[in-house]
Amino acid sequence: MTKSLSLAKLLETTALLLIIFFIVLPIVWLALTSIKPQEKAYTTDVVFMPTADNFRIIFSDTSVIINAGTERERGEVGRNMLPSVLNSVVVSGATILIAIPLATIAAYAFSRYLFLGNRALLIWILTTQFIPAIVVAIPFFTLFRSIEVFERPLLGTQLGLIIVNMSIVLPYAIWMIKGFVDALPGEIEEAAYVDGCNDFQVLFFISLPLIRPGILVASVFAFIMSWNEFLFALIIGREMRTMQVALMTTSGARGIMWEQMAAAGLVVMLPIFFLAMFIRKNVVYGLTMGAVK
Amino acid sequence: MRKKRWVPWVLIGPALLVIVLTTIYPLLAALYYSFHNYNLRRAPQFAIQIGESGIHIDWSLLSLENYTRAFSDSRFINSLEVTFWFTVISVGLSVVIGLFIAVIVQKGGWLHTLTKVLLIFPFAVSPALKGYSWRFMLNENYGVYDLLIDSLLVKPVNALLSLFNALPLVEIPYISESIVWLGDKFWALFMLAMSETWGWAPLIALMFVGALGSIDEQIFEAARIDGANRVQIFFRVTLPLLRPVILIVTMLKTIFSLKMFDQVVTMTGGGPVRATQTINYYIHQMGFVRSLDIGYASAMSYILVIVLTICAALYVALVLNRD
């Protein structure tokens, strides 16, 4: 009995270690490659002198960098990735600044008011999540080509991408925040009504402060969503490259410069990594919109 | 209660307006485009013309040509097949491996807890980056996956084969150590699905861990007292109890897989020879890269919309049934 038990234990531990290895390897390998000197990047060596050169290269303007006497080529025409980082920050930031307030008041109304079509509307909003992004991108591509803002076509601007991002972020945020409002007991609001508050006073002074943690979690999810968004960024964002699209500029005449891709990848990944840790407890809820509890 | 009836509409109004403009407008516009011969290289001619003499509809400009073209376009059919197989492999592996991980990590010591914490890691990696990192690691010359597969799988299997082949029986061919993973039609699609599985199996495991935690411990206890072993408990108790959650998760993952695009661009570029061109990728190629055929791209994306609508309806039915 004890013998078979310890064998089971051994199998279980092995499985756990394999799972950990399977999960962590791509991330660790990316991080390792990003600090590898170029001559080691194209090997599977794990012993090397760490360097910050790759990060220096992706954030520099020149196409060739001289480091310790060796010339190192940049991808494509030596694009500095700093503007792309800013584009991603501006687009994702503005997307949540617009979407979250709109979603919050809508989610509150869906949760607290019974009105005609409440449930049907809510389910319809859920199904908009399943519309393939490409079908949204096509008409906005043709539309934004013909709309000019300050004499520049809307296509390829941050504003254009922010507008299109609404199609995925807003419905998502409504569902998510509605869940947090639902979880809040209504008695406090009832008491406030009895004390003579009107609907808006209850919403802004009683309920909103109480669901603030939920709103924060939804904001983080919405930020991650637009930060990682690729299809819209490619079709609508175009030359205004977000970081996801800027990853592609690490490919040059001699193929992809993997050490630069890894460095850029780490810049893309790290902020989301910390945000993901912050919303760890809500990930399942966020991914399934409460369908799996 | 003194709640006013117009208040909810004021609160929902702005959000509803934005959702309608960013989802209903493109859905209608794409449907309209899909009936036209609309290529950005030529000046478009639209059926609805609004002028001084009022609204005029030129029916002759509308046709189903883009739809009939899609079903006789071997590349579109190919993209349907690729998407189908990608979905089957990635959903199947993600759900099965996710379930496996969940059952293992659910209860236990610190190693279990550590694994549970690590499960969220792939969530931080964007799909585009996932594609690039897998492409890098699968490289036949310096990829770490290539190295691992060769040294941990191929070499031991070949060593066993050489023992077997030493016997005067049938000769079994050795496995090649120089497979170019993304250069082979089967392996490219399989590895694309594997990269998706890497991202999703841990997250699905998290979903199952939550669901497993809500099952009453006494049920397992009773099964154990009745003499059931772990395997029996898994198949006779855990699996039936998880069935509703498994169905929902499978449906949700199917929808995500059908929409797959990012990694195709960054990992395989649709190749080799169209072996990994998913529907979304082919639509993007026809609408924005190889040709600027907006009408055709719209028609194909509408076919995808129809497929996804069916899946979404199934998903909503599953979720509502459960409540």
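Let's start with chain B, which is divided into domain 1, residues 73-130 plus 185-322, and domain 2, residues 141-178. Keep in mind that this is a predicted model. Taken over C-alpha atoms, the centres of domain 1 and domain 2 of chain B are separated by 31 Å.

Now helix H5 of chain B, residues 127-137. How many of its residues are buried? The count is 11 of 11, so this helix is mostly covered, by the cut-off of 20 or more other C-beta atoms within 10 Å. The buried residues of H5(B) include Lys130(B) and Arg135(B). Trp134(B), Phe136(B) and Met137(B) are among them too.

Staying in chain B, look at a helix pair. Helix H3, residues 74-105, packs on helix H9, residues 230-258, at an angle of about 140°. Their axes are 10 Å apart. H3(B) and H9(B) make a right-handed crossing. Which residues meet here? From H3(B), we have Thr83(B), Phe86(B), Thr87(B), Ser90(B), Val91(B), Ser94(B), Val95(B) and Val103(B). They meet Phe234(B), Thr238(B), Ile246(B), Val249(B), Thr250(B), Lys253(B), Thr254(B), Ser257(B) and Leu258(B) of H9(B). By class, this contact has 8 nonpolar residues, 8 polar and 1 charged.

Next, one residue in helix H12 of chain B, residues 294-322. That is Tyr315(B). Is Tyr315(B) buried or exposed? Tyr315(B) is buried, because 23 other C-beta atoms lie within 10 Å. Leave aside neighbours within four places in sequence, and Tyr315(B) is in contact with Met251(B), Leu252(B) and Ile255(B). Take Ile255(B). Along the chain, Ile255(B) and Tyr315(B) are 60 residues apart, yet their C-alpha atoms are separated by 9.0 Å.

On to chain A. Here the domain assignment gives domain 1, residues 2-73, and domain 2, residues 82-288. The centres of these two domains of chain A are separated by 31 Å, again over C-alpha atoms.

Helix H8 is residues 187-194, and helix H9 is residues 199-228. Their axes come within 10 Å and cross at roughly 140°. H8(A) and H9(A) are therefore oblique to each other. An angle over 145 degrees would count as roughly antiparallel. H8(A) passes H9(A) in a right-handed crossing. From H8(A), the contact uses Ile188(A), Glu189(A), Ala192(A) and Tyr193(A). By class, that is 5 nonpolar, 1 polar and 1 charged.

One more residue in chain A: Phe278(A), in helix H12, residues 258-278. Phe278(A) counts as exposed, because it has 12 C-beta neighbours inside 10 Å. Phe278(A) is 128 residues from Phe150(A) in sequence and 39 Å from it in space, C-alpha to C-alpha.

Most residues other than glycine have a negative phi. Which arginine in chain A has a positive phi of about 45°? That is Arg238(A), which is not a glycine. Arg238(A) sits in the loop between helix H10 (231-237) and helix H11 (243-246) of chain A. It counts as partly exposed, because it has 18 C-beta neighbours inside 10 Å.

Chain B has Arg274(B), with a positive phi of about 65°. Arg274(B) lies in the loop between helix H10 (262-268) and helix H11 (279-289) of chain B. With 16 C-beta neighbours inside 10 Å, Arg274(B) counts as partly exposed.

Technical notes: Residues are numbered from 1 along each chain as its sequence is written. Chains are lettered from A and ligands numbered from 1 in the order in which they are written. This is a predicted model: local features need pLDDT of at least 70, side-chain atom pairs count only at pLDDT 80 or more; totals for chains, interfaces and linings use all residues. Axes are lines fitted to C-alpha atoms, for helices over the stretch in contact, and angles run from 0 to 180 degrees between N-to-C directions. Helices (H or I, at least four residues) and strands (E, at least two) are DSSP runs, numbered from the N terminus. Angles under 35 degrees count as roughly parallel, over 145 as roughly antiparallel, 65 to 115 as roughly perpendicular and the rest as oblique. A crossing is left-handed if the near helix is turned anticlockwise from the far one by less than a right angle, and right-handed if clockwise. Two residues are in contact if their C-beta atoms, placed from the backbone, lie within 7 Å. Ala, Val, Leu, Ile, Met, Phe, Trp, Tyr, Cys and Pro count as nonpolar, Asp, Glu, Lys and Arg as charged, and the others, Gly among them, as polar. Domain bounds come from an automatic or database domain assignment.
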